[in-house]
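Colleague: I would like to learn how to read a few features of a protein model. Could we go through them one at a time?

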Amino acid sequence: MKKFLALVLALCMVFALCAITASADADLSGLSVTCVCPFAAGGGTDRVMRFLADGAKSEFKNIVVENREGANGDVGMLYGATAADDGSIITMVTAELVIHQALGMNDTLTYDMYKPIMLANTACSAITVNAADDRFETLDDFIEYSKSNDVMVGNSGNGSIWQLAAAGLAQIAGTEFTHVPYPEGAAGAITDLLGMHIDAVAVSYAEVAQYVEAGQLKVLAVLANERQEACPEIPTAIELGYEGAALGTWRGLAVPASTPDDVVAELQRIFSDVCASDEFKANMALNGDVIDVLVGDDFAKMLEEQTALFTDLGKSLGLAQ
């Protein structure tokens, strides 16, 4: 009798383990997936999203990237948060998701409307000018000029991470910039800088790298705690005497909060494998994009911490609404 009970118990445990395994192994191979990029084609967010989608193409029936730009990312991120919860809509979320919530700019979009898949990329701000502009050879030149002249700095929209980065530097340096927003993304700001319609941009190094290498643009400093591997010759603003001038964006993947856990787990596996692949690493390295991975709960914790950070920063800069 004891042997019989032991056998029954063992079988129950096997069936339970099988059920758990089955629930954790959602089959998404027949799924047609749309990856939503909340900024325009040609910018850093679009590029990283396309690298991720390309690396995952063998895992789904098909996968495409759709740009839904507008309102500094809110249009695409709100669409993604309220989309189908079967894994067919994956959204690239950026720092603006928590910034706008922290600054009180959009109470219809909050980070808890999403279930995080993973963080994939981080990028610091790079203060960049036109290489033909002989007014600015150093960051000090730029700061000193701004104290007695109107300096126009382009960013990816009001309330964007790049606006906060430039505003933070200006506060530390005791000066002011005129912030010029490009709500569809940084690509428009870079285009205008190339045409010398504005004086500078405060976007990521990866977004200007090709123009720097071509001799068209010049980076005066990066807003980071240490020099960047992609451009080790460029000083940080901190080492130039602007203590505390370190700020940047991040980019990750998320799905609607109601998405089943087994679907989320499978998406985490798929995109973790992509980020670890040689192809993805090579693509990211081409433009100096930094791979920075946090999965699931670790990414969720970061979202909470970033909301608190930008709430405090917005108050100190007078940007909170």
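Modeller: Start with burial: a residue counts as buried when its relative accessible area is under 20%, and as exposed when that area is over 50%, with partly exposed in between. Keep in mind that this is a predicted model.

Colleague: Is Phe60 buried or exposed?

Modeller: Phe60 has 5% relative accessibility, so it counts as buried. Phe271 is buried too, because its relative accessible area is 0%.

Colleague: How many aromatic pairs does the structure hold?

Modeller: There are five aromatic pairs. In one of them, the ring centres of Phe60 and Phe271 are 6.5 Å apart and the planes meet at 35°, so this pair is tilted.

Colleague: Which parts of the chain does the pair of Phe60 and Phe271 tie together?

Modeller: Phe60 is in the loop between helix H2 (44-55) and strand S2 (62-67), while Phe271 belongs to helix H9 (residues 261-276), so the pair links parts that are 211 residues apart in sequence. Another aromatic pair, Phe136 with Tyr145, is edge-to-face, with 5.3 Å from centre to centre and 80° between the planes.

Colleague: Are Phe136 and Tyr145 buried or partly exposed?

Modeller: Phe136 is buried, because its relative accessible area is 0%. Tyr145 has 25% relative accessibility, so it counts as partly exposed. Both residues belong to one aromatic cluster, together with Phe142 and Phe177.

Colleague: Now charges. Where does Arg68 lie relative to Tyr79?

Modeller: Arg68 lies over the face of the Tyr79 ring, 3.6 Å from the ring centre.

Colleague: Which side chain of opposite charge is nearest to Asp74?

Modeller: That is Arg68, at 14 Å. A salt bridge requires a side-chain nitrogen of Lys or Arg within 4 Å of a carboxyl oxygen of Asp or Glu. Asp74 is buried, yet it has no salt bridge.

Colleague: Where is Asp74, and what does it touch?

Modeller: Asp74 is in helix H3, residues 74-81. Not counting residues up to four places away in sequence, Asp74 touches His100, Asn106 and Leu109.

Terms used
Residues numbered from 1 in each chain as written. Predicted model: local features only at pLDDT ≥ 70, side-chain atom pairs only at ≥ 80, totals over all residues. Heavy atoms only, no water. Phe/Tyr/Trp six-rings, centres within 6.5 Å; stacked < 30°, edge-to-face > 60°. Helix = DSSP H or I, 4+ residues; strand = E, 2+ residues; numbered from the N terminus. Buried < 20%, exposed > 50% of the residue type's maximum accessible area, 1.4 Å probe, protein only. Lys NZ or Arg CZ within 6 Å of the ring centre and 35° of its normal. Lys, Arg positive; Asp, Glu negative; His and termini not counted. Contact = heavy atoms within 4.5 Å.
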